[in-house]
Every structure is written in structure tokens, then in C-alpha cells.
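Here is a brief report on one protein model.

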Amino acid sequence: MKDDSCIFCKIANGEIPSATVYEDEDFRVILDMGPASKGHALLLPKEHFKDLCELDPEVAKKVLPVCAKVGAAMKKSLGCEGFNIVQNNGEAAGQTVFHFHVHIIPRYAGGPKIAAWTPGSETPEVLAKTAEQIRAAL
Ligand code: AMP
Ligand code: ZN
């Protein structure tokens with residue numbers, strides 16, 4: 001299903017033009033208009049899903065193979081040495097467009113720097129308790 005008020009639905013289905021790098025029956029991959037690095041791309045399903053928790057599992061299983069294909073093409077064509085897959089769910093996680101999407105971000109030697117977290121530390125007891133809390137909700 002498409003959502004008529006969703007800009008990524010319109011882009012994914014070709015109603016709004018985009019710099020498209022890949023398209024198949026399920027997805028369109030476009031360049032992000034505010035790139036973190038040269039070639040930063042977004043994988044958009046053609047159907048509307050708000051986030052990962054709502055994504056159809058049949059569509060979900062096709063996501064990583066497309067990311068791998070595009071990432072490999074970025075390495076060949078742009079000379080990046082690697083790439084990050086980033087996927088935000090919910091406002092607190094930085095999601096600003098509420099149509100599931102995956103960022104494919106080329107990484108080049110020498111930058112640009114892309115924010116990463118500072119590792120904390122935790123006791124085995126707290127790790128075990130936290131794991132139990134999550135397991136109980138599965
Ligand atoms: P997120 O913060 O994970 O929701 O990412 C949304 C991303 O979509 C941002 O990186 C924006 O730069 C990008 N974006 C928003 N609107 C457009 C658009 N019309 N065309 C291309 N990229 C867009
Ligand atoms: Zn949508």
C-alpha cells in the first residue's frame with residue numbers, strides 16, 4: 001500500500017524525480033539530498049511501511065542483498081573503501097521520514113568523519129538482566 005501523503009512513497013514509485021541508482025519491483029535506491037559522504041544512498045521500498053517493525057518480512061529479506069549490491073557498486077565506481085548501513089527507527093533514533101528506509105553511506109579513507117558512539121561499560125549482571133528484559137518481550 002502507498003500513503004498519498006508520504007514523500008518517499010512518491011519518490012519510490014517515480015511520481016517525484018530522484019537521482020536513482022537502482023530499481024526493481026520492490027525497491028528504488030536514490031541519492032540522499034543531504035549526503036553524509038559522496039554517493040550516500042537511500043533504499044526505499046515501493047510500498048509504505050512506517051519503520052522496521054512494520055516492514056513486511058517478505059520485503060525485509062530482500063533488503064540486505066540490494067544493499068550489498070549497491071555497496072559493492074559504490075566501491076567499484078566511487079573508490080570508497082567501505083560503506084555503512086544505517087537504519088533509524090523512531091524519532092528518538094533520528095528517524096525524520098516515517099517511510100522505512102536504509103542509508104547506504106560510502107566511507108572514504110581520510111573522511112568525512114561520521115558520528116559513532118563512545119563505548120560505555122557494563123557489569124555482566126546488568127547485561128544479563130537487560131537481556132532477560134528484552135527476551136521476555138519477544
Ligand atoms: P532519517 O533521518 O533516517 O529519517 O533519514 C531521512 C533522510 O532522507 C535524510 O538523510 C534526508 O537528507 C533524506 N531526504 C529527505 N527528503 C529527501 C528527498 N526528497 N530526496 C532525497 N533525500 C531526502
Ligand atoms: Zn511512504
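Gly 82 has Arg 107 as its bridge partner in strand E5. This pair belongs to a model that is predicted.

**Strand E5 and its partners**

Strand E4, residues 82–86, pairs with E5 through five bridges. The two strands run antiparallel. E5 also pairs with strand E3, residues 41–45. Here three bridges join the strands, again in the antiparallel sense. Within that pairing, Ala 41 stands opposite Ile 104 of E5.

How many of the six residues of E5 are buried? Five of them are, so described under a cut-off of under 20% relative accessible area. The strand, which spans residues 102–107, is mostly covered.

**The chain as a whole**

Four helices and five strands make up the secondary structure of the protein chain. Read from the N terminus, their order is α-β-β-β-α-α-β-β-α. The C-alpha atoms fill a box of roughly 50 × 40 × 25 Å along the principal axes.

The chain has 138 residues, and 32% of them count as buried. Its exposed surface comes to about 8900 Å². Carbon and sulfur atoms supply 59% of that area. Now take the contacts between residues at least 6 apart in sequence: 53% of these join residues at least 24 apart.

Charged side chains number 15 positive and 18 negative. The centres of the two sets lie 7 Å apart.

**Salt bridges**

The structure holds six salt bridges. Three of them are listed here, with the distance between nitrogen and oxygen.

| Pair | N to O distance |
|---|---|
| Glu 23 and Lys 46 | 2.7 Å |
| Lys 62 and Asp 26 | 3.0 Å |
| Arg 135 and Glu 132 | 2.9 Å |

Start with Glu 23 and Lys 46, whose side chains meet in a salt bridge. Glu 23 lies in strand E1 (residues 20–23), and Lys 46 lies in the loop between E3 and helix H2 (57–60), so the pair ties together parts that are 23 residues apart in sequence. Lys 46 is buried, at 16%.

Next come Lys 62 and Asp 26, which also form a salt bridge. This pair links distant parts of the chain, 36 residues apart. Lys 62 sits in the loop between H2 and helix H3 (63–78). Asp 26 sits in the loop between E1 and strand E2 (27–31). Lys 62 counts as partly exposed, with 34% relative accessibility. Asp 26 counts as buried, with 18%.

The pair of Arg 135 and Glu 132 is set within one helix. Both residues lie in H4, residues 124–136. They are three residues apart, about one turn of the helix. Glu 132 is partly exposed, and its relative accessible area is 39%.

Which residues do shared partners join into one network? They are Glu 23, Arg 28 and Lys 46. The Glu 23 to Lys 46 bridge described above is at 2.7 Å.

How values were computed
Residues numbered from 1 in each chain as written. Chains lettered and ligands numbered in written order. Predicted model: local features only at pLDDT ≥ 70, side-chain atom pairs only at ≥ 80, totals over all residues. Heavy atoms only, no water. Buried < 20%, exposed > 50% of the residue type's maximum accessible area, 1.4 Å probe, protein only. Pairing = 2+ DSSP bridges. Contact = heavy atoms within 4.5 Å. Areas by Shrake-Rupley, 256 points an atom, 1.4 Å probe, with all protein chains shown as cover. Lys, Arg positive; Asp, Glu negative; His and termini not counted. Charge placed at Lys NZ, Arg CZ, Asp CG, Glu CD. Salt bridge = Lys/Arg side-chain N within 4 Å of Asp/Glu carboxyl O.
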